[in-house]
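Hi,

Here is the structure I promised to pass on. Please open it first, then read the notes below.

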Amino acid sequence: MTAKVSESGQGARASSPAIVSLNQISKTFSNGTIALREMSLDIRQGEFITLLGPSGCGKSTVLRILTSLTSPTTGRVEWPMEQSGQDEHEMSFVFQEPTLMPWATVFGNVWLPLRLKGISKKLAHDRVMEALEMVGLAGFSESYPRELSGGMKMRVSIARALVTKPKVLLMDEPFAALDEITRFKLNNDILHLWETFGWTVVFVTHSVFESVYLSNRIVVMAARPGRVVNDMTLDAPYPRGDEFRTSAEYGDYCRTVSDALHAAMDANDHL
Amino acid sequence: MTAKVSESGQGARASSPAIVSLNQISKTFSNGTIALREMSLDIRQGEFITLLGPSGCGKSTVLRILTSLTSPTTGRVEWPMEQSGQDEHEMSFVFQEPTLMPWATVFGNVWLPLRLKGISKKLAHDRVMEALEMVGLAGFSESYPRELSGGMKMRVSIARALVTKPKVLLMDEPFAALDEITRFKLNNDILHLWETFGWTVVFVTHSVFESVYLSNRIVVMAARPGRVVNDMTLDAPYPRGDEFRTSAEYGDYCRTVSDALHAAMDANDHL
Amino acid sequence: MTVLTEHAVAVPEHSGQAVPLDPLEVSKARAAKIERQGRWILPVVILLISIVLWDRICVWNEIPHYILPRPILVYEALIADWPILSIALLNTLKITLGAMLIATFGGLALAVLFTQSKWIEISFFPFAVILQVTPIIAIAPLIFIYVDSVEAGLLICAWIVAFFPVLSNTTLGLNSADHNLRNLFQMYGATRWQTLRYLRLPAAMPYFLGGLRIAGGLSLIGAIVAEFVAGSAGSGSGLANQILESSYRLNIPRMFAALILISGTGIVIFLLMNFLSHVFLHKWHESALKREN
Amino acid sequence: MTVLTEHAVAVPEHSGQAVPLDPLEVSKARAAKIERQGRWILPVVILLISIVLWDRICVWNEIPHYILPRPILVYEALIADWPILSIALLNTLKITLGAMLIATFGGLALAVLFTQSKWIEISFFPFAVILQVTPIIAIAPLIFIYVDSVEAGLLICAWIVAFFPVLSNTTLGLNSADHNLRNLFQMYGATRWQTLRYLRLPAAMPYFLGGLRIAGGLSLIGAIVAEFVAGSAGSGSGLANQILESSYRLNIPRMFAALILISGTGIVIFLLMNFLSHVFLHKWHESALKREN
Amino acid sequence: LEKVSFGTNWVAQAEHGGYYQAVADGTYEACGLEVEIKPGGPQANNRILLPVGKIDFLMGGNMLQAFSAVEQGIPTTVVAAHFQKEPQVLLTHPDAGHDTWESLKDINLLIGKGGLNSYYQWMIAEFGFSADQVRPYTYNSAPFLADKDLGQQGYITSEPFAIEKEGGFKPNIFLIADYGYDSYGTTVETRTDLIENKPEVVKCFVEGSAIGWVNFLYGDNAAALELIKKDNPGMSDEQLAFSIEKMKEYGIVDSGDSLTMGIGAMTDERNKSFFDKMVAAGVVSADVDVSKAYTLAFVNAGVGVDLKKKLTGN
Ligand SMILES: Nc1ncnc2c1ncn2[C@@H]1O[C@H](COP(=O)(O)OP(=O)(O)OP(=O)(O)O)[C@@H](O)[C@H]1O
Ligand SMILES: Nc1ncnc2c1ncn2[C@@H]1O[C@H](COP(=O)(O)OP(=O)(O)OP(=O)(O)O)[C@@H](O)[C@H]1O
Ligand SMILES: [Mg+2]
Ligand SMILES: [Mg+2]
């Protein structure tokens, strides 16, 4: 482990206020599966935090709890900054599955969050097309989801999340179905947006490389019951680019994270 | 590019007979999208062939044509060995999406291919549980798909494909939703099965590393119209293991393939 | 500090070991219990209120009992004429259940047949439509010419009224099976029958059950209409005859008693169908799933 | 060499440049054309065959014309009595369409109301069931006491017959919206109305249209039954009156002519509903999609 | 014993008393018939069951349908007329100024389909009533009770009783037979081939019914009433008594010709007279051969006249 990784989560932006804290969260499903047990996590404003962990360890469940789509069985979720006018709608989500409306075109799907804010098709047009451009689907705006490949559907979902320019972005394995080149491009795009607009990003991925490339904090989880086994802050400076990917620092980080992941796996009964 | 990669597809098993050949296949969808144009590809018995290419380049379409789920607009698909008793049902498929029956349990879903062959629940039990064991879901056999995480659903789909011990296995990004450790384990399992039973595997992935680790032939495609831009045979010997992953040879291969992929992307109008 | 998840306010910091005794858990369990009871109590309360309203409307508007009798009168008629009404109810129930059974299985079988081939569907669906829209009053005599047993005739009439929703909805359902799953079955060389049995029928379940819910009520109407047009006698006569006679004789309380029995039967059938839906769908279909939040 | 994909046999090695003129393309286009025409021709042929059969059955079994008239007699009656029948048809159509409209919008509105709150649904669904199963012959007098216009009364009666399938199916459909999409809407803070408008209504479309398909025929039956029990004579009378009168006068060919008009109307309504389904669903729903293979 | 069935026009009621009486007394059995009575209803169409042999005798309405049968070539024939008078009445409220036949033209009338297609056509032709004043009658008098300015159709033996009992007043009664509608009220029809091939069966039924009616009206009818109540469990004694009383009071079954020629009597003159009225009203075509509609072969023989004398003691 290199010195650059600080285990306590006290990193570059540790001084920022927490925008949401999970406090001793547990989640037990009615069929008895304990998805999470007594998990605590503070997410600070402006962080790019990645959740990493074996399949089924509760990453998606954490995201769902953060967005109050699911309520925890015990424990509490606090949004300390809520009263200071933070609009909860300035949050965007990329689900693990594309979750597109089959009856709407690609344009209609990406337009949706704007439409829900009352923005007309005409007014939304440029922003929607810009988002589609970013994911490389500008030419498919009139297609229906069923006419798209798996990766293209996922990109529509990403475009939909980006079109609102959210303050907080939660992404659940958004790039898993994409080829590396598209993935790298989108990695850079997201990083750029994050830096430019000061977003907070909570990111789930299975790729150690991706997590290291993107995040300033990596939370490694273990499964059943899902819990945090490692919380690392990465001090590598932004903007990161291709040089970072080939740097020794990057390799070191990757190895550290990979080791942590292995340790997490060993902590499981699973597999 | 290292000497070990031979561009013509004349590799280790080049001498084996082709079990299926695509001959000048084109596929144009009714909305005008040209998914494939005049693509030709021979798949030889015993090959582990990987299709690599940008999102939306037609990889899934090729697999669908191979399984006659889709018929090409022009061109022909030949199965030269068909009359020699090759049972077409000894083929298994992992779709890009999990494609599980929501009304059946995990067990029921994995049992399906056996059930369709008339094998009773009791007789199938051991084989189903073995397949579930392999993907680490033995404890979830009575769960319903909606109670699983994204990665777990995909693993059920993989178990369903493996349970029949197929002669030909077609897998469309099977491991995209899995963490690296599970992924590595399943990589090794598949390789082991492939070697033991002399399977033919057609594999789609977005991971250059995975493609190099697994395949003895990599076909790189470019998008719109989808076509083969590179067809490489990898001579690295099997069994491959962790040593292979850290070998210089591996790194070389990865770089070569990655370059080919970049070249393919540049050949696109896309992005 | 603003708290998003409601229950958090009331709950003090706790260790989490005491999960089963957690006040939060308790309050959740209480809510669940209220809901469970509410599902029964609320409709009953609303029904009671509407009965009171009915009574008040009769009184306030001085509606004479031969137009709209007060509930108490109906109740008295129900009690007094129970021996007659109960037999009529039984007879009607017999036809209703018979019609429901053949409508269910007939509709299902036809739907399966129709989805076996597009051409069969195209060719024969018009006949199903014709059967649906033909007024049974017009063809009842034809039926009774060729069918000897009155009961069988009644069953046929009631079936004609009830089968279409099952047929139509099930056909729709069978055609709505997910295409990826269909591909999977095709891939594995599933036979037509296997695809039907393991894929299309389960996928059609929600639609089929929806059709049943409609057909349940229609079977009842069918049984009643059939009796109207077929005019059966004596011991075999059902609620329709009671309604007809009571209405002709201006014994309106008794007519309403018969109507109430019909309504009650309809509701029981509906609840039964809902229960069936729950049994078959609660494990997997959106419409019946209890999602956990 | 065994060839899996059928069409390949006939096709020689070709360069692929000539895609539009490709013989394969041509044969595909031909198949598509045959299918398109078959959709219309086949049912017509089958109908014609069944008319011939009907005629033969009448002749072979020497069925007297007052039981089952031969088609030619019916045809003659249809021509001869067209002036009367066409007016009756128009009147029936008026009620049918009216009933269909209010059944559609009423059923839809009720379904929307019911899905707004589980409690509303639990409380008021029983009333819908009661309305569905109440024989209109029994409540027609009540309706006519309080409704002056005969036409309005008929509409109400026909509506009672037809609304339930729309209500029931739409409720089912509204409850079947994908949960992940519901979560998405919740996430984006969609209002109730927005969720309804942009998510639940589109998701319910296939079910709603399925309900409409059933309700279309039922509206027609409703219009006829309503006229049977409550229709008056004179200028407003419809096909039911024709059937009753013909049957009273034992003019069975004319009765069958009226029945055929009803069947025809039913089929036209059904086709219309199918067309509607196609228009709304062919872009995305399994049941209406033409998958490309 | 030969099995035959007889279809009536409504669920069992006093208006079917004679037939039930003959069954109960064994009158039919005595001449070799086992009769099954099949009750009908307002929507039930028993007519078509007669020519095809599903039933052997039918309780027909008035003579109009017999004319239609001839017109349509249906092989059925009227063999007896058990109601000498059409029991159809029109009813109005007593104190609303609608006390004359003429005044009926000014109000809406609740008329059922059957009436609309028969006597009402005659009322239009003969008196200038209009189709537009007709409102649907659903065999329920509540709408009438609710509106003083409505008239409605009725059966002399049924609706007036219900109205009196529930509405608490005696309605004005206009017996249409009194205004010239001189059809026989209810008839017995049978298949022509039965008349030709088994005249003894027809004879037995017609005469047995005549005796049944005599016994029912003038003798001990308890057994028949029991049978009626068994077939129609809701029927009240009060209603039965009222119906019988009205049938007697208005001479529905037994008046005029039947007093001397026996119950069921028919004459050519009356049928011709009614036919001419219907032709004038445009309800029937003039081409119809009236004489084919009925046969006098089984009636007018004075069956039961003696029995009546014995029972009534004069
Ligand atoms: N509705 C549910 N009912 C019961 N168990 C559930 C449900 N949803 C999730 N689970 C269980 O909760 C656990 C965590 O699921 P979750 O989806 O959060 O995993 P994940 O970390 O996102 O995994 P993946 O990487 O595979 O997406 C899993 O074991 C799963 O079986
Ligand atoms: N049903 C369809 N109708 C129209 N176009 C389609 C249809 N299915 C696929 N396509 C188009 O065909 C092209 C190839 O799709 P395919 O699914 O084969 O891509 P892929 O290589 O598997 O991509 P991915 O890696 O994203 O899964 C895409 O451009 C897509 O838009
Ligand atoms: Mg997940
Ligand atoms: Mg794909």
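Between which chains does ligand 1 lie? The answer is chains A and B. Keep in mind that this is a predicted model.

Ligand 1 first. The shell around it holds 23 residues. Those that come nearest are Gly56(A), Ser60(A), Thr61(A), Gln96(A) and Ser149(B). By type, the shell divides into 6 nonpolar, 12 polar and 5 charged residues.

Here are some polar contacts to look at. Thr61(A) has a side-chain N or O atom 2.5 Å from an oxygen atom of ligand 1. For Glu173(A), a side-chain N or O atom is 3.2 Å from an oxygen atom of the ligand. Cys57(A) takes part through its backbone: a polar atom there is 3.2 Å from a ligand oxygen.

How much of ligand 1 does the protein cover? On its own, ligand 1 has 630 Å² of accessible area, and the protein covers 93% of that. Two elements give two or more residues to the shell: helix H1 (59-66) of chain A and helix H4 (150-162) of chain B.

Now the metal. Ligand 4 is a magnesium ion. Which residues coordinate it? They are Ser60(B), through OG, and Gln96(B), through OE1, at 1.9 to 2.1 Å. This pair links distant parts of the chain, 36 residues apart. Ser60(B) sits in helix H1 (residues 59-66) of chain B. Gln96(B) is in the loop between strand E6 (91-94) and helix H2 (106-116) of chain B.

Best wishes

Technical notes. Residues are numbered from 1 along each chain as its sequence is written. Chains are lettered from A and ligands numbered from 1 in the order in which they are written. This is a predicted model: local features need pLDDT of at least 70, side-chain atom pairs count only at pLDDT 80 or more; totals for chains, interfaces and linings use all residues. Side-chain values use heavy atoms; hydrogens and water are left out. A residue is near a molecule or strand if one of its heavy atoms lies within 4 Å of it. A polar contact is a pair of N or O atoms within 3.5 Å; within protein, one must be able to donate a hydrogen and the other to accept it, and residues adjacent in sequence count only if both atoms are side-chain atoms. Accessible areas come from the Shrake-Rupley method with a 1.4 Å probe; for residues, only the protein chains shown count as cover. Helices (H or I, at least four residues) and strands (E, at least two) are DSSP runs, numbered from the N terminus. Ala, Val, Leu, Ile, Met, Phe, Trp, Tyr, Cys and Pro count as nonpolar, Asp, Glu, Lys and Arg as charged, and the others, Gly among them, as polar. Donors are N, O and S atoms within 2.8 Å of the metal (3.2 Å for Na, K and Ca); water is not among the atoms, so sites may look incomplete.
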